[in-house]
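Here is a short briefing on one protein model.

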Amino acid sequence: VLHDNRLVGIVTLDDVRKVPRENWENVMVQNIMTPGEELVTIPPDVDASEAVDRLVQRDFRQLPVVQGDSHLLGLLRRRDIMRWLQLHNETADGRL
């Protein structure tokens, strides 16, 4: 969730699933999101091993990649790292 191009929170499918379907039309995103100040984020210049550590330590599926004053650059998902590792391994083994 962005406000003035700054990360103010994140909403996951788990957050939405906690809201009864009949209430979806009446619930605002700000009421179910995890606020930005509670998020674990990562800057773009951190190496992948530290990103994996942060994902695993808190059992997150994704980390917002943030630069400076909460400027969202993207999301690093656990499955993205796993795919990168798989491709890297296949390349190292000469499969690609």
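Helices (H or I, at least four residues) and strands (E, at least two) are DSSP runs, numbered from the N terminus. The protein has four helices and six strands. This is a predicted model: local features need pLDDT of at least 70, side-chain atom pairs count only at pLDDT 80 or more, and totals for chains, interfaces and linings use all residues. Residues are numbered from 1 along each chain as its sequence is written, and side-chain values use heavy atoms, with hydrogens and water left out.

**Overall form**
- Along the sequence, the pattern reads β-β-β-α-α-β-α-β-β-α.
- The radius of gyration (over C-alpha atoms) is 16 Å, well over the 12 Å that the globule rule gives for 96 residues, so the protein is more spread out than a compact globule. That rule is 2.2 Å times the number of residues to the power 0.38.
- Along the principal axes, the C-alpha atoms fill a box of roughly 55 × 30 × 25 Å.

**Largest pocket**
- A pocket is an open set of points on a 1 Å grid over the protein atoms alone, where a 1.4 Å probe fits, with protein on both sides within 12 Å along at least five of seven lines.
- Lining residues have an atom within 4 Å of a point.
- The lining of the largest pocket has 21 residues; Thr-12, Asp-14, Phe-60, Arg-61 and Gln-62 lie nearest its centre.
- Helix 1 (13-17), strand 5 (62-67) and helix 4 (78-92) each supply at least two lining residues.
- Helix 1 gives the most, with four residues.

**Helix 4**
- Trp-84 lies in helix 4.
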